[in-house]
Amino acid sequence: QHPSCCTSGIVNPGRLLSHRTMLAAMQQRAWAGPSAMPARRTPFTGHSRLRSVRVRSSAKADEMLAEGRRKYDAGDRMAALNIYDKMVAEETGMTVKQQSAARFGQLAVHASFGDVELAQMTLRDGVQAGMDFDAAQTDPDNPTISSSPQIVIQLNRFNKQLLRNMEMKAETVVAGNKRPARGGSSSRVSADTDISRLLGGQPASADEAGIDASPLAIARRVVLVILAGVALGTVLFYLGLEYGMK
């Protein structure tokens, strides 16, 4: 007699059958192996948690862009600029399109105030970060640049100049990498010189600076310096005599 299937020494047929059924199921599961065990729930991993955070950040960025657009259209440009500045400062979790939209919003506000220099600086940072200025201007989700046509023309010209400089810089780097290893040092110097010239640096030689380096020109410059020194000394000498006589 088993305690689970008996009551006061009397066999309970229902409990005995249930007990035998449970034992048979356990034996069958043991024979089937681990594949018959119930599947466990997949834990909440770090990757899925990070993806969830990014989705929430992206949704928040969309809300901030919409709010900035409403402020801009309503004429509250400073409130819109504060929203765009906050988005640019906190780019974590934002898509490239959202980052470009925030920078374009900054640019639109600066241009509406007539501040061309700040607008150009924002445009430069945006293009370097991957913003397509031409596409951003036609995007219906972005604010319209409410400024004079002259400022819009200047920004478009500045954008084309930035793109040309970036293309020339990329071509210079590629050309430097394709040169033989024997001239590697000179190649790096040449590439650095070209990049410095593109960024507005000093010319690498007297010829590039437009300075005549011939011996006659050098002698002429030396003579001019000596004559200027003699003339200045003479004037100072007479001024000293006049002051001493007083």
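The protein chain exposes about 17,800 Å², and carbon and sulfur atoms supply 59% of that area. The model is predicted. Buried residues make up 23% of the 246 residues in the chain.

**Overall layout**

The chain holds 10 helices and 2 strands. Along the sequence the pattern is β-β-α-α-α-α-α-α-α-α-α-α. Among contacts in the chain with a separation of 6 or more, 54% are between residues 24 or more positions apart.

**The nonpolar core**

In soluble globular proteins, nonpolar side chains tend to be buried together. In this model, the largest nonpolar core has 30 residues. The members that touch the most other members are Met 87, Leu 107, Leu 123, Phe 133, Ile 145 and Leu 155. Six helices each supply at least two residues of this core: α2 (46-73), α3 (77-89), α4 (96-112), α5 (116-128), α6 (133-138) and α7 (149-178). The largest share, 7 residues, comes from α4.

What is Ile 145 in contact with, leaving aside its neighbours within four places in sequence? The list is Tyr 72, Phe 104, Leu 107, Ala 108, Ala 111, Phe 133, Gln 137 and Val 152.

**Helix α4**

Is α4 enclosed or open to the outside? Of its 17 residues, 14 are buried, so the helix is largely enclosed by the rest of the structure. At 1.5 Å a residue, the 17 residues of α4 should span 24 Å, and the end C-alpha atoms are 24 Å apart, which agrees. Just after α4, Gly 114 takes a positive phi of about 85°.

**Aromatic rings**

A search of the whole structure finds 1 aromatic pair. It is formed by Phe 104 and Phe 133, with 6.1 Å from centre to centre and 45° between the planes. The pair counts as tilted, because that class lies between the limits of 30 and 60 degrees. Phe 104 lies in helix α4 and Phe 133 in helix α6, so the pair ties together parts that are 29 residues apart in sequence.

| Residue | Relative accessible area | State |
|---|---|---|
| Phe 104 | 1% | buried |
| Phe 133 | 1% | buried |

Each value is under the 20% limit for a buried residue.

Another ring, that of Tyr 72, has a charged group over it: the charged end of Arg 77 sits 4.1 Å from the ring centre.

Methods. Residues are numbered from 1 along each chain as its sequence is written. This is a predicted model: local features need pLDDT of at least 70, side-chain atom pairs count only at pLDDT 80 or more; totals for chains, interfaces and linings use all residues. Side-chain values use heavy atoms; hydrogens and water are left out. A nonpolar core is a set of buried Ala, Val, Leu, Ile, Met, Phe, Trp, Tyr and Cys residues joined through side-chain atoms within 4.5 Å. Buried means under 20% relative accessible area, exposed over 50%, partly exposed in between (1.4 Å probe, protein chains only). Helices (H or I, at least four residues) and strands (E, at least two) are DSSP runs, numbered from the N terminus. Contact means heavy atoms within 4.5 Å. The expected span of a helix is 1.5 Å times one less than its number of residues. Rings of Phe, Tyr and Trp (its six-membered ring) pair if their centres lie within 6.5 Å; planes under 30 degrees apart count as stacked, over 60 as edge-to-face and the rest as tilted. A charge sits over a ring if NZ of Lys or CZ of Arg is within 6 Å of the ring centre and within 35 degrees of the ring normal. Accessible areas come from the Shrake-Rupley method with a 1.4 Å probe; for residues, only the protein chains shown count as cover.
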